[in-house]
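Reader: Hey, I'm new to this one. Can you walk me through it once it's up?

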Amino acid sequence: MRTDLHRNPDHQLIDHRLAAVRNLGILAHVDAGKTTVTERILYATGTTHRRGEVHDGTTVTDFDPQERDRGITIFAAAVSCAWDGHRINLIDTPGHVDFADEVERSLRVLDGAIAVFDAVAGVEPQSESVWRQADRYGVPRIAFVNKLDRAGADLDTAVDSIRRRLHPSPLVVQMPIGAQDGFTGVVDLLRMRSLVWADGADTPEEGPVPDALREDALRRRALLEEAVAELHAGALEEFCAGSGLGERTLGGALRDLTRSGEGVVVLCGSAYRNRGIEPLLDAVVAYLPSPLDVPPVRGAGDGGEQERAADPRAPFAALAFKVSAAATGRLTYLRIYSGTLRKGETVLDATTRRTERIARILRVRADRHAELDVAVAGDIVAVAGPKAARAGSTLCAPGRPVVLEPPVAAEPVVSVAVEARASTDTDRVVAALARLAEEDPSLVLRSDPETGQTLLSGMGELHLEVAVEKVRRAHGLDVNVGRPRVTYRETVARGVVGRVYRHVKQDGGAGQFAHVVLDVEPLEAAGGDDAASGFEFRSAVVGGRVPQEYVRAVEAGCRDALAEGPLGGHAVTGLRVVLTDGGTHPKDSSEMAFRTAGRLGLREALRACAMTLLEPVAEVTVTVPEDALGSVLGDLASRRGRVFGSTARPGVTAVDATVPLVELFGYATRLRSRTQGRGVFTARPAGYAPAPQSPGTAER
């Protein structure tokens with residue numbers, strides 16, 4: 001069918017088919033029921049023939065073994081289904097804060113979203129976070145208040161929390177029939193009808209509004225009309241005429257307000273009991289935009305900024321938003337913004353300027369795939385063949401290069417040290433971790449040049465735990481995981497003057513002789529601004545008592561001595577060494593002898609100095625809700641943090657502080673627990689500061 005579309009470039013036919021595409025995501029806090037909503041959508045559309053359950057590990061989208069073991073969504077999963085003549089490309093996104101980067105990458109390529117809320121809890125912390133992410137990309141949303149069959153469920157309370165905490169204009173188009181265990185259906189306020197699901201029924205029975213609910217339904221319909229009229233000029237004109245809003249006017253206004261982001265249509269139901277899914281799908285088709293309804297994508301081309309409209313006849317342009325290793329090989333997930341892609345074609349990775357061949361095109365249904373010969377603008381597909389494409393890469397026509405804006409990459413906040421349990425597996429472990437970092441840009445792999453540890457950084461402790469477990473399961477490798485070692489430094493608190501060292505060695509043949517006199521002082525005492533700013537050497541020798549070539553050798557020897565300090569063998573920094581005097585031997589002096597004298601002489605001098613241990617510190621910015629500020633400040637104080645500034649913004653406060661790096665391990669998890677997941681922080685290295693004094697490491 002897609003091939004015929006390309007051969008017959010009839011504009012009306014193309015527009016009609018693109019208008020029948022919806023690219024949307026499911027967004028929610030963990031355990032709000034979004035995976036169950038996705039499963040019921042697949043069941044209602046006939047894509048699956050049995051209802052998958054999260055607690056049974058039988059869901060289509062949570063197909064990874066870890067997702068089934070943990071009962072949560074970890075990886076964004078794409079599925080495709082059809083409803084009422086429309087193609088729906090759906091992405092089930094994670095709800096846990098550690099996997100927010102998966103949500104970010106998905107939102108970059110979506111045209112709309114369903115935000116799922118728990119009818120008991122209302123807006124939860126991660127609901128708020130994903131809502132803000134969708135705001136950044138301007139993604140239109142409809143809301144689904146789920147779990148109305150639970151004890152304590154209340155639609156009005158949930159809607160009020162949406163209004164207060166997310167600040168949209170909720171437009172409630174349904175009301176529940178029954179409450180808690182007695183929830184059986186909904187009243188459609190647009191068509192003023194009831195939809196009731198009998199026990200075990202897959203489809204609702206349509207009927208009139210029950211007499212007991214008619215008065216409340218009319219009141220709610222009037223409130224809906226008033227809310228729409230306040231926001232939509234066309235609806236206001238009809239509303240002011242005194243006859244209220246007709247079904248057609250109201251539906252058109254709801255569509256306009258949803259797509260502009262001025263309003264959010266709210267529906268309700270119970271996904272677990274399969275109640276409310278068909279009206280939700282109708283709302284997706286009626287209110288959320290097609291690829292034709294969103295502005296053309298913009299990118300940087302050879303001639304400046306370019307626009308690419310959703311047109312199969314335009315030059316090909318697609319954005320890679322996910323890369324994964326599957327049984328079928330390496331798959332790159334694409335959102336095609338313009339043009340047509342055929343199997344076997346060569347495309348350009350505009351990010352790396354490398355050409356890639358498209359070996360296969362796949363319509364995705366989680367871990368299952370259907371092969372396609374061609375994909376067109378508006379499609380979300382997976383392709384096999386590209387070897388170097390990463391999440392955020394732009395694939396385009398070689399003759400019309402363009403670079404689309406990639407998703408915003410999150411900065412990692414937690415690190416762990418990873419090493420192979422068997423030394424023979426070290427290279428395999430590093431290679432496996434590198435492949436994981438290719439698939440997930442929020443994972444960063446690096447080697448600490450000072451400690452030699454392999455460090456894996458990510459968005460949270462669960463994020464890293466999942467990554468390491470994937471290495472264990474997928475590659476059969478045993479790995480040890482531990483806290484990264486902190487690299488300490490030592491510095492001079494109080495120096496010494498006139499420290500004499502004579503290096504004499506005679507063991508037959510030419511001997512070694514070098515005589516040096518050293519002064520050692522802290523750099524800050526000599527006018528430096530930072531006690532950890534480095535090392536400085538100078539010579540104050542007069543009369544040529546130490547030739548210049550030997551002076552350079554003494555400096556080299558002193559630098560050698562800085563590798564290990566007297567407190568704990570840490571590198572020494574923040575000092576100045578002055579060579580004040582010395583002596584030579586006519587035959588036995590040499591550069592080697594003076595280098596040795598410099599090294600051993602400075603070591604002796606440092607043992608005589610008062611030394612201070614330095615620890616690495618980070619400058620952090622912690623953004624927290626106002627109601628959690630006191631708790632967060634207390635926690636920073638307990639971590640030896642020093643607050644040096646704060647900035648108040650509506651509803652939140654950003655606190656700036658310096659905190660010892662060793663105290664930041666585990667901070668991401670603690671911050672989330674103290675702020676109900678709403679607090680975030682960034683950290684930047686800020687040099688070194690004196691560590692607390694303890695026996696054996698304090699000034700001597």
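Reader: Which hand does the crossing of H12 and H13 have?

Author: The crossing of H12 and H13 is right-handed. A crossing counts as left-handed if the near helix is turned anticlockwise from the far one by less than a right angle, and as right-handed if clockwise. The names come from DSSP runs numbered from the N terminus: helices (H or I) have at least four residues and strands (E) at least two.

Reader: Before we go on, what kind of model is this?

Author: This is a predicted model, where local features need pLDDT of at least 70 and side-chain atom pairs count only at pLDDT 80 or more, while totals for chains, interfaces and linings use all residues. Residues are numbered from 1 along each chain as its sequence is written, and side-chain values use heavy atoms, with hydrogens and water left out.

Reader: Ok, back to the helices. At what angle do the axes of H12 and H13 cross?

Author: Roughly 120°, and the axes of H12 (residues 426–439) and H13 (residues 461–475) come within 10 Å. The axes are lines fitted to C-alpha atoms, for helices over the stretch in contact, and angles run from 0 to 180 degrees between N-to-C directions. H12 and H13 are therefore oblique to each other; under 35 degrees counts as roughly parallel, over 145 as roughly antiparallel, 65 to 115 as roughly perpendicular, and the rest as oblique.

Reader: And which residues meet there?

Author: From H12, Arg428, Ala432, Leu433, Arg435, Leu436 and Glu439 meet Ala467, Lys470, Val471 and His475 of H13. Contact here means heavy atoms within 4.5 Å. Sorted by class, that contact has five nonpolar, one polar and four charged residues. Ala, Val, Leu, Ile, Met, Phe, Trp, Tyr, Cys and Pro count as nonpolar, Asp, Glu, Lys and Arg as charged, and the others, Gly among them, as polar.

Reader: What about H8 and H10, how do they pack?

Author: H8 (residues 211–231) and H10 (residues 247–260) pack at about 55°, with their axes 10 Å apart. That makes H8 oblique to H10, and their crossing is left-handed. On the H8 side Arg221, Leu224, Val228 and Leu231 take part, meeting Glu247, Leu250, Ala253, Leu254 and Leu257 in H10. This contact has seven nonpolar, no polar and two charged residues.

Reader: New topic: is H3 enclosed or exposed, and why?

Author: Ten of the eleven residues of H3 (residues 34–44) are buried, so H3 is largely enclosed by the rest of the structure. Buried means under 20% relative accessible area, exposed over 50%, and partly exposed in between (1.4 Å probe, protein chains only).

Reader: What do those buried residues pack against?

Author: Strands E1 (21–27), E2 (77–83), E3 (86–92), E4 (112–118) and E5 (141–146), plus helix H11 (277–287). Just after H3, glycine 46 takes a positive phi of about 80°.

Reader: Which residue other than glycine has a positive phi?

Author: Aspartate 84 is one of them, with phi near 55°. Aspartate 84 sits in the loop between E2 and E3 and, at 61% relative accessibility, counts as exposed. Arginine 353 also has a positive phi, near 60°, and is found in the loop between E17 (346–349) and E18.
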